Amino acid sequence: MADVLDEVRSIIAKHTSVGVEALTPETRLDEIGVESVDLVEIMFEIEEQFMIEVPYNTNKETRLEFTTIGQITEGVRSILAKSTAS
Amino acid sequence: MNRIAITGIGVVSPVGNNLEEYWQALVEGRSGIGPITSIPTERLNIRIAAEVKNHVPEQNFDARIVPLLDRFAQFAVIAARHAVSDAGLIFGEELAQATATIVGTGVGGQNTLDDGYFRLYGQNAARLHPFTIPRLMVNAGASHISMDLGLRGPTFAVASACASGTHAIGVAFDMIRSGRAAVALAGGAEACLTVGTLKGWEALRVLSADTCRPFSRTRSGLVLGEGAAILVLELLDRAIARNARIYAELRGFGMSADAADIIAPNAEGSARAIRAALDDARIAEDSIDYINAHGTGTMLNDATETQAIRAVFGAHADRLAISSSKAVLGHGLGAAGALEAAATALAIQRRVMPPTANFEESDPACDLDVIPNIAREQRIRCAVSNSFAFGGLNAVLVLGEV
């Protein structure tokens, strides 16, 4: 599932001036200038790309953490795993 | 400067369509938010809203007229009829021509648009209903009020998203002060609870999945609402001469644009609108006893509004009290400011500050007296009603005792 990470990196790269090659699982979104409104757009693109629903509300700490690229990737993987299991 | 009185109020709301039911729910903090029943919800992730209940168009309109009116225009006309009868106004030819009708709406005929597009793209219908265009236009609410009541003065719609109703009342206020109209019906109407609109709001990730908790640390976003409120504004001298019941005096109106972000609120822009309204009313900050806040229940709005209030009122911010009606009404977008101006006028007249309902825990970022859950019997000399819209457009009214 390494390609999930690559997809997430390439989606996030479009919302920052940092090149995709510099984005690692440890990269924090706030370090690369991704703001709340960017994250809303990123979530839309992730949902479209992976055909999933991500429970993300800007007002609430969701059960998924979205601080780093690695966390987003893990979140996507766990949603994908649940949707194939059901 | 001419003084302006509020002499009539009509509402269509998620907590009732007459003024006493409306006021009782606000005072008791009884929320109109619940599971959505008026549209299919299978495709929605968020399935709650503050809907207007038991609305049967045929009970209010001739069956031949119903196809001409979108739900938002129906709300507008019903609220206007109630407001005029509440004010005890009878329109002769001269007064009808001197009466302005100004109705704010965020998006206009969304039900018509949504139904039409579903037929066209979803069901491959060959044609749309012939009244699709006149139903969906943003001015339909104002136009139908003028036709229904025979009002023939300046009539138009105002659109500034969540501030539309407040801008409409403010513009009407200016028109009477300047002598352009003798009486005005002003307010807002919205019926935006469609599958298409809700999917759009879901995608913004600002909707709460449980309820609206303004100023609470546990707040989880806004809840959409719908409805209408129309106020009757007239010259104070005229109201006194005809021995009208006066709810409150409309004292000031302030507007500003943030020129910053299309979505995020801005404390500086909000504060400028509040200051402009106080300056217009020619009153000092410490005359304000109560603020009916914009208070949407989003993390950002409630904290930013708190900052704006602190910036304008300084030490007096800790002596005044504020509450948000959106825990009870949801966010009625273009109707919200008008419903809240109505609540503010009633609060002044009845000397009761309605609470912020659904309140759970205080938030250090919203450290004002937000009247948690329990109404307060207290005289209100002057009050502020805030509306801060998407697009960075702010409108603020100052109301006072007569």
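**Questions on a predicted model with chains A and B**

Reader: How does the span of helix α12 of chain B agree with what its 15 residues should give?

Author: In this predicted model, helix α12 of chain B runs over residues 299-313, and at 1.5 Å a residue its 15 residues should span 21 Å. The expected span takes 1.5 Å times one less than the number of residues.

Reader: What covers the buried residues of α12(B)?

Author: The buried residues of this helix include Asn301(B), Ala303(B), Ile309(B), Val312(B) and Phe313(B). Just after the helix, Gly314(B) takes a positive phi of about 55°. The elements that cover those buried residues include, in chain B, α11 (267-281), β9 (288-292), β10 (321-323) and β13 (382-389).

Reader: Is Lys326(B) buried or exposed, and which side chain joins its own in a polar contact of 2.7 Å?

Author: Lys326(B) has its place in helix α13 (residues 326-329) of chain B, and because its relative accessible area is 0%, Lys326(B) is buried. A polar atom of its side chain lies 2.6 Å from the backbone oxygen of His294(B). The residues that Lys326(B) touches include Ile33(B), Cys212(B) and His331(B). The side chain that meets Lys326(B) in the polar contact of 2.7 Å is that of Glu340(B).

Reader: Which side chains meet in the salt bridge between chain B and chain A?

Author: The two chains bury about 880 Å² between them, 41% of it on carbon and sulfur atoms, and 13 residues of chain B are in contact with 12 residues of chain A. The count of salt bridges between these chains is one. Arg205(B), with a relative accessible area of 7%, is buried, and Glu47(A) also counts as buried, at 15% relative accessibility. The side chains that meet in this salt bridge, at 3.0 Å from N to O, are those of Arg205(B) and Glu47(A).

Reader: Why are Arg177(B) and Asp174(B) separated by about one helical turn, and which residues are linked with them in a network of salt bridges?

Author: An α-helix has 3.6 residues a turn, so residues three or four places apart point the same way. Arg177(B) and Asp174(B) are three residues apart in helix α8 (residues 164-177) of chain B, and therefore about one helical turn separates them. Their side chains meet in a salt bridge of 2.6 Å, N to O, although Arg177(B) counts as buried at 11% relative accessibility, whereas Asp174(B) counts as partly exposed at 30%. The network of salt bridges links Asp174(B) and Arg177(B) with Asp280(B).

Technical notes:
Residues numbered from 1 in each chain as written. Chains lettered and ligands numbered in written order. Predicted model: local features only at pLDDT ≥ 70, side-chain atom pairs only at ≥ 80, totals over all residues. Heavy atoms only, no water. Helix = DSSP H or I, 4+ residues; strand = E, 2+ residues; numbered from the N terminus. Buried < 20%, exposed > 50% of the residue type's maximum accessible area, 1.4 Å probe, protein only. Polar contact = N/O pair within 3.5 Å; in protein donor to acceptor, adjacent residues only side chain to side chain. Contact = heavy atoms within 4.5 Å. Buried area = accessible area lost by both parts, 1.4 Å probe. Salt bridge = Lys/Arg side-chain N within 4 Å of Asp/Glu carboxyl O.
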